[in-house]
Amino acid sequence: MCSSDLLSDPGRFGLELLLRFRPASLARVGTSNALRFAHDLGIAHKIDEIVISQLQGIQEWLLGNAVLSSKIAYVSVNISSESLATPKRLDHLIDLLREHEIDNGLFCLEITETAATHQLPGSSHVRTASERLIKELAFRIFIDDFGSGLSNYRRICRSEEHTSELQSPCNLVCRLLLEK
C-alpha cells in the first residue's frame, strides 16, 4: 500500500490492523476462513462493531507513545462490505465511528473497491458509501483488493478515495498498457 503521506515523509510509515482470533478453535480455522464464514452468515458487520469499539484504546496507546506517534502516519482498518451494504448499515457504521470518537487523522478506513464504488440506493446528495464517509466524517478511504476490474479503475480515478492497495499490479499494468 502506498499513501501520499508516506511519500512526502519517508521517515514515517503506515500500519494496517489485521484481525486475528485468539480462541484456539477460531485460530485453527484461520482468519480469512472465519471472516468468510461470518460473511456467509451475515454477521461480518458485527465483527466490524467489535473492531471499532477497540480503536479508541489503540488510539490512546499510540498517542501515549511519543516515538510511535511521531513515526506512524496512519493506521488503516478494514471495514467489511456488509457494513456498507445498505443505508441503514452505513448509518450504523457512521454512528459507531462518531460514538467511539475515532480520530480520522490517525485512522483510515480500508474497503474493497466494489464496496467503495457501489452506488447507494435512494441517496441524492452522495453516490457511494466511501463518498459519504469522506464528506460526513472526513475519513481517508483506502481501496483494498484494487485491480480486479478495469471498469472499476475508471470509476476510482474519478472518485475521492485516497489510496489503493494493488493486489495484482502486473495484471493491472498489463491491462492498462493493452488499452492504449
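Student: Where do I start? How many helices and strands are in the protein chain?

Tutor: The model is predicted, so keep that in mind. The protein chain has 10 helices and 5 strands. Of its 180 residues, 38% count as buried.

Student: What share of contacts joins residues at least 24 apart?

Tutor: Take contacts between residues at least 6 apart in sequence. Of these, 69% join residues at least 24 apart.

Student: Now the empty space. How is it found?

Tutor: Rolling a probe the size of a water molecule over the atoms shows where empty space is left. In this structure, the count comes to 1 cavity of 30 Å³ or more. The largest cavity has a volume of about 50 Å³.

Student: Which residues line the largest cavity?

Tutor: The lining consists of His 45, Asp 48, Glu 49, Ile 52, Ser 83, Arg 89, His 92, Leu 93 and Leu 96. Two elements give two or more residues each: helix H4 (44–63) and helix H6 (87–99). By class, the lining has 3 nonpolar, 3 polar and 3 charged residues.

Student: How much space lies in the largest pocket?

Tutor: About 980 Å³. The largest pocket is lined by 31 residues. Leu 18, Leu 19, Thr 31, Leu 35 and Asn 78 lie nearest its centre.

Student: Which elements give two or more residues to the lining of the largest pocket?

Tutor: Both helices and strands do. The helices are H3 (31–41) and H4. The strands are E1 (13–17), E2 (72–78), E3 (107–112) and E4 (140–146). H4 gives the most, with 8 residues. By class, this lining has 15 nonpolar, 8 polar and 8 charged residues.

Student: H4 keeps coming up. How do I describe the way two helices pack?

Tutor: Two packed helices are described by the angle between their axes and the distance between the axes. For H4 and H6 the angle is about 10 degrees, and the axes are 10 Å apart.

Student: Why are H4 and H6 called roughly parallel?

Tutor: Angles under 35 degrees count as roughly parallel. At about 10 degrees, H4 and H6 are therefore roughly parallel to each other.

Student: Which residues meet between H4 and H6?

Tutor: From H4 come His 45, Glu 49 and Ile 52. They meet Arg 89, His 92, Leu 93, Leu 96 and Leu 97 in H6. By class, this contact has 4 nonpolar, 2 polar and 2 charged residues.

Student: Let me try one residue. Is Leu 137 buried or exposed?

Tutor: Buried means under 20% relative accessible area. Leu 137 has 12% relative accessibility, so it counts as buried. Its place is in helix H8 (residues 129–137).

Student: What does Leu 137 touch?

Tutor: Leave out residues up to four places away in sequence. Leu 137 then touches Ile 94, Leu 97, Arg 98, Asn 104 and Arg 132. Arg 98 is 39 residues away along the chain, yet the two C-alpha atoms are separated by 8.1 Å.

Student: Why is H8 described as largely enclosed?

Tutor: Because 7 of its 9 residues are buried. Among them are Ala 129, Leu 133 and Ile 134.

Student: What follows H8?

Tutor: Ala 138 does, and its phi is positive, near 60 degrees.

How values were computed
Residues are numbered from 1 along each chain as its sequence is written. This is a predicted model: local features need pLDDT of at least 70, side-chain atom pairs count only at pLDDT 80 or more; totals for chains, interfaces and linings use all residues. Side-chain values use heavy atoms; hydrogens and water are left out. On a 1 Å grid over the protein atoms alone, a cavity is a set of points where a 1.4 Å probe fits but cannot get out, and a pocket is an open set with protein on both sides within 12 Å along at least five of seven lines; lining residues have an atom within 4 Å of a point. Grid points are joined across faces, edges and corners, and a volume is the space filled by probe spheres set on the points. Helices (H or I, at least four residues) and strands (E, at least two) are DSSP runs, numbered from the N terminus. Ala, Val, Leu, Ile, Met, Phe, Trp, Tyr, Cys and Pro count as nonpolar, Asp, Glu, Lys and Arg as charged, and the others, Gly among them, as polar. Buried means under 20% relative accessible area, exposed over 50%, partly exposed in between (1.4 Å probe, protein chains only). Contact means heavy atoms within 4.5 Å. Axes are lines fitted to C-alpha atoms, for helices over the stretch in contact, and angles run from 0 to 180 degrees between N-to-C directions. Angles under 35 degrees count as roughly parallel, over 145 as roughly antiparallel, 65 to 115 as roughly perpendicular and the rest as oblique.
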